[in-house]
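Welcome, and thank you for taking a look at this one with me. Below are some numbered notes to read alongside the structure, so please keep the viewer open as you go.

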Amino acid sequence: MSRIGTIARRTFLIGSAAIAGGVAFGIYKLNETPENPLTPGTGEAALNPFIFLDQTGVTIITPRAEMGQGVHTTLAALAAEELDLDWQDVRVLHGPPAAAYYNNAMVGGLLPFKEYQMTGWQHMMAGQLDKAGKFLSLQVTGGSTSMRDGFDRLREAGASARETLKLAASDRLGVAAASLRTESGRVIAPDGTSIAYGELAEAAAQIVPPTVTLRDPSQWRYLGQSMPRLDQVAKATGTAQFGIDTRMEGMKFATIRQNPQRAAMSSFDASAAETMPGVEKIIALETGVAVVASNTWLAFQAADAIDITWAPAPYPTDQDAIWAAIEDSFDTEPNSTLRHDGNLVDLPEEATLVEAEYRMPFLAHATMEPMNATALFTGDALQVTCGNQSPVMVRDKCAEATGLTPDQVTVQTTIMGGGFGRRGDVDYAVLAAQVAQQMPGTPIQLTWTREEDMTQDFYRPAAIGRFRGAVQDGKVLALDGKIAGPSVNASAMPRWTGMEASGPDKIHVEGAYDQPYAIPNYRIAGHLTDLGIPLGYWRSVGASVTAFLHETFIDELALAAGRDPLDLRLELMRDEHPPSAACLEKVAEMSGWTGQTPDGIGRGVAFSFSFGTPVAQVVEVAQTDAGIRINKVWVACDVGLALDPSIVRAQMMSGVIFGLSAAAMGEITFADGAVEQQNFYDYDALRMHTAPAVEVAILENKTHLSGAGEPGTPPSMPALGNALFDLTGTRARSLPLMHSFDLLM
Amino acid sequence: MTIALTVNGHPHQVDLPDDVPLLWVLRDTLGLTGTKFGCGVSACGACTVHIDGEAVRSCQVALGDVWGDVTTIEAQGTPDALSILQKAWVDHQVAQCGYCQSGQIMQAAALLAETPSPSDEDIDTAMAGNLCRCGTYPRIRAAIHDAAAKMSEV
């Protein structure tokens, strides 16, 4: 382990012990600052929860986790900007589970406002509600919130550390702090004397940090620039340590088979498995059976040889029954009607009515790194190492499952081989802890097979959308959408917070009710289906479902109105939300949109406002001898302030390819109570030969900084469907599109 | 019974059943964790290594069937001494989560060894078996072209 790794391990061990001393769920008053969980040793200083200092320099501790989205780099840049670190000296680590790292930009997003319309006081109210993340110990990476969360906090941490170091240097040199400046990780006196930050660690640790003001953006050196990512060398050399790469002295390798019908394990016969090579122990768990062996593959083989009887599924056991249950929920009272403008009843008789029904499948996260965690149980302590999007939840749930208290559990969060929302749930860590508890003193790495990963996911919900609308004289008079399906919040909230979801379910209809279209008669209602299938947050969450419904329907309205689909959107949006309209205009310019396409080429446009970010996309498809190829995607987005343009572009590109993969071929179906798809051969995604070129433009017309990780995904799906309609004249109203079109595979 | 194996130029004696896939010998026995497990069925390419210079899916090669010298990502270059290909990966900021990139790089290295100036079609064909859920393909393509150009200058 590297020197920094050693420091972090020791610090975090001590830090977690410190947490036991006084920091526990719910004890904070709203505006009190949580305790600093870092406890430095001799010659070291934790100037605040985000800045750790020792003789070798500064380590920036990030409150959010790196799963590929680039947060390590930009969060570090925020602190380094104020702290005057040279970029090559920047080091970064994930924070331990601690209240200090709560997500300060998440809870406010649950307010049922239309974000594009939010006024100053509404933003302020959301900001106050965000502080409730502290009560909930929401140390969660998700919701495209990391930059909103970190923008002030990490800069303040850097500035506060800088000024503290100046005070320490002032004491040592006997000169006024105001005469000192900082550069390249050193405090510099007027006479040129300079002291490295590390040399000031011990003295700085004794100083109460002063109040600071943040630098004006005109002074920024790093922010707004495309910085070299901190993880690129490690990831290009195979030296990056993912959770699955954890190696400990004496570690054993385990796997698990859980009930594919998502219920309990009834009984099992492991007599054949017990004598197989490398097998050390077979462990019964509530939902399945684990095998501990000397090698992961030997554990896989033995697990396959166990004969297990499963309890039946607690939900409709096949796909037709699931669709029927969703259809039935249209007959129930809507759970929400978050948009209800005008009059949907008395439409003029001369208007042309348009009706359409859409179907969206369940989806899996399918991160490249299968679920895994490593745990060491030693009777009165548990150490868990894994990639995760919620360290406090890992700590608390592992403690609960093993009968320990949270302060007896330490959590090391590694980088993740993909998250997409899957690693916000921590079931895989809890299972590793339970297996480790059966073998005290032996570190256990529990790795799921890809098949286990695919069939034990918390799925993006399926949904049916029933939309009707009216157009007259080239104008849209009405849009009336009903969206039915199981609620991700109803399924996930009890797991994540211990509380039942209640009230209007914003997430179920986000991406539809909150779009910046000035349609005079406009209603979006959500109907919930109580299914019992385990659901989870999937990149772009509600909008991953609703954008396809809403934006395909807008295209259908445009066709009925005899209008160009891009012009019509622009007309509806121009006064309603100019920054959104600017994205449409930009993407039209980038793609050279004329509304006309030659034979063999199809183009489609779509727009979605999600996570505070408007995104407009044009997708181009081409008929080839081998099938229809997705040629190119143009993206224009407005994140308010692009802290790292290269990372924002990469996230948009990634979001697009993730969305197109789902739209083209993503589908999870149930038969006999179990998920049918098993691996990448039947749950595939775009690849080198099927992925489009992607061109991204970043606009900064919006006043509030907003997310980049998810907003690229929603519009890609309807833009592809609309392009395929343009190419073929066939309107596909259900995903995946591979069932309706001869796509290049 | 032990089985002899040469990995990255180093000889090893491995005490494992001969049907254990090379992937799991590398990761769990030899501690070479740069090679990744993604699917176990040759559907994602994350486990790609070279045997006598040929790109293979190490999840599908049984220990007893390894027919030559094995090269993994760890021998491509090191953080202090990147290969030209790895340097191109860093220059183009290819990786996002990075989990598939060891396999992508090993596949790309085999492509460039055989086809020093690959066309886009060559890249499509050679790289089609390597899945990336983050969608880094456009940057992978750019990095391969860039590395090809730099290698031709050497």
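1. Let us begin with a term: a salt bridge here is a side-chain nitrogen of Lys or Arg within 4 Å of a carboxyl oxygen of Asp or Glu. Over all chains, the structure holds 46 salt bridges by that rule. Please bear in mind throughout that this is a predicted model.

2. A:E280 pairs with A:K252, and their closest N and O atoms are 3.2 Å apart. The two partners come from distant parts of the chain, 28 residues apart: A:E280 belongs to strand β10 (residues 279–284) of chain A, and A:K252 to strand β8 of chain A.

3. Next, have a look at the loop between β8 (252–258) and β9 (265–269) of chain A, where you will find A:R262.

4. Now for the place where the chains meet. How many residues of chain B are in contact with chain A? There are 54 of them, and they touch 61 residues of chain A. Between them, chain B and chain A bury about 4500 Å², with 61% of that area on carbon and sulfur atoms.

5. Which interactions cross this interface? The rule finds three salt bridges between chain B and chain A. In a salt bridge between B:R27 and A:D245, the side chains meet at 3.0 Å, N to O.

6. On the side of chain B that touches chain A, at least two residues each are supplied by α1 (22–29), α2 (84–91), α3 (101–114), α4 (120–127) and α5 (137–153) of chain B. By class, the residues on this side of chain B divide into 31 nonpolar, 15 polar and eight charged.

7. Let us turn to the empty spaces inside. Rolling a probe the size of a water molecule over the atoms shows where empty space is left. The count here comes to five cavities of 30 Å³ or more. The largest cavity has a volume of about 100 Å³. Its lining has 13 residues, and the closest to the centre are A:P461, A:P486, A:I507, A:H508 and A:V545.

8. What surrounds that largest cavity? In chain A, α15 (506–509) and α16 (541–561) each supply at least two residues of the lining. The largest share, four residues, comes from α16(A). Sorted by class, the lining of the largest cavity has nine nonpolar and four polar residues, with no charged ones.

9. The second largest cavity has a volume of about 60 Å³. A:I628, A:R629, A:I630, A:A664, A:M665, A:L686, A:T690, A:L743 and A:L744 form its lining. Here β24 (627–638) and α19 (645–665) of chain A each contribute at least two residues, and β24(A) gives the most, with three residues. The lining of the second largest cavity has seven nonpolar residues, one polar and one charged.

10. Finally, a backbone detail to check in the viewer. Where is A:P736 placed? A:P736 sits in the segment after α20 (713–728) of chain A. A cis peptide bond joins A:L735 to A:P736, with omega at about 0°.

Definitions and conventions. Residues numbered from 1 in each chain as written. Chains lettered and ligands numbered in written order. Predicted model: local features only at pLDDT ≥ 70, side-chain atom pairs only at ≥ 80, totals over all residues. Heavy atoms only, no water. 1 Å grid on protein atoms, 1.4 Å probe; cavity = no way out; pocket = protein on both sides within 12 Å on 5 of 7 lines; lining within 4 Å. Points joined across faces, edges and corners; volume = space filled by probe spheres on them. Nonpolar A, V, L, I, M, F, W, Y, C, P; charged D, E, K, R; others polar. Contact = heavy atoms within 4.5 Å. Buried area = accessible area lost by both parts, 1.4 Å probe.
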